[in-house]
Amino acid sequence: MLVEHFQMLARYNSLANQKLYQVCSQLSDAERKQNRPAFFKSIHGTLNHILVGDCIWLTRFAGKQIPSTMLDAILYEDYEELWTARRVEDERIETFVANLTAEFLHGTIEYVNNAGKTCIDPVNLLVAHFFNHQTHHRGQIHDMVTQTTISPPSLDMHRLIRP
């Protein structure tokens with residue numbers, strides 16, 4: 001059941017990202033990069049942060065070590081390049097969960113967090129966090145979009161999965 005649940009979350013993740021990026025594409029580059037009261041400073045910064053987090057966790061899920069540094073890195077200044085990278089990453093995520101096994105989910109992963117602390121956590125918790133992290137930051141972007149003249153998209157899971 002847990003594998004199927006994560007597969008549903010991966011599908012939702014792709015659909016929600018697509019919807020959010022479509023709406024954000026209606027904003028000017030200056031509006032997307034405008035400094036706002038948000039942890040990653042802007043819509044563009046937060047979109048980049050989600051991608052950074054995805055790259056970190058997918059690397060760890062693949063059994064490799066990667067530090068959680070540069071969480072505010074701007075991987076792509078250009079919005080179209082960022083959106084292309086987002087699509088590629090969403091495909092990687094869907095492939096990752098398509099190949100999940102119960103055995104893998106019952107394991108643990110050792111990693112070094114952003115504070116430099118070595119952690120050993122259950123994979124099932126980390127995969128849940130992986131999807132929750134994206135939802136959390138999409139919510140922040142949703143709020144920042146409400147500060148513009150563009151209407152934010154509905155990101156309700158049941159409406160995206162079963163339109």
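Is Arg11 buried, partly exposed or exposed? Let's work through this and two more exercises on the predicted model above.

This is a predicted model, in which local features need pLDDT of at least 70 and side-chain atom pairs count only at pLDDT 80 or more, while totals for chains, interfaces and linings use all residues. Residues are numbered from 1 along each chain as its sequence is written, and side-chain values use heavy atoms, leaving out hydrogens and water.

**Exercise 1.** Classify Arg11 and find its salt-bridge partner.

*Step 1.* Buried means under 20% relative accessible area, exposed over 50%, and partly exposed in between (1.4 Å probe, protein chains only). Arg11 has 38% relative accessibility, so Arg11 is partly exposed.

*Step 2.* A salt bridge is a side-chain nitrogen of Lys or Arg within 4 Å of a carboxyl oxygen of Asp or Glu. Arg11 pairs with Glu94, with 2.9 Å between the closest N and O atoms.

*Step 3.* Glu94 lies in helix H4 (residues 79–98) and Arg11 in helix H1 (residues 2–24), 83 residues apart, so the pair links distant parts of the chain. Helices (H or I, at least four residues) are DSSP runs, numbered from the N terminus.

**Exercise 2.** Describe the salt bridge between Asp90 and Arg86.

*Step 1.* Their closest N and O atoms are 2.8 Å apart.

*Step 2.* The two are four residues apart in helix H4, which means about one helical turn separates them.

*Step 3.* Both Asp90 and Arg86 are buried.

**Exercise 3.** Which residues do salt bridges with shared partners join into one network?

*Step 1.* The network consists of Asp29, Arg32, Lys33 and Glu77.

*Step 2.* Within it, Lys33 and Asp29 meet at 3.1 Å, N to O.
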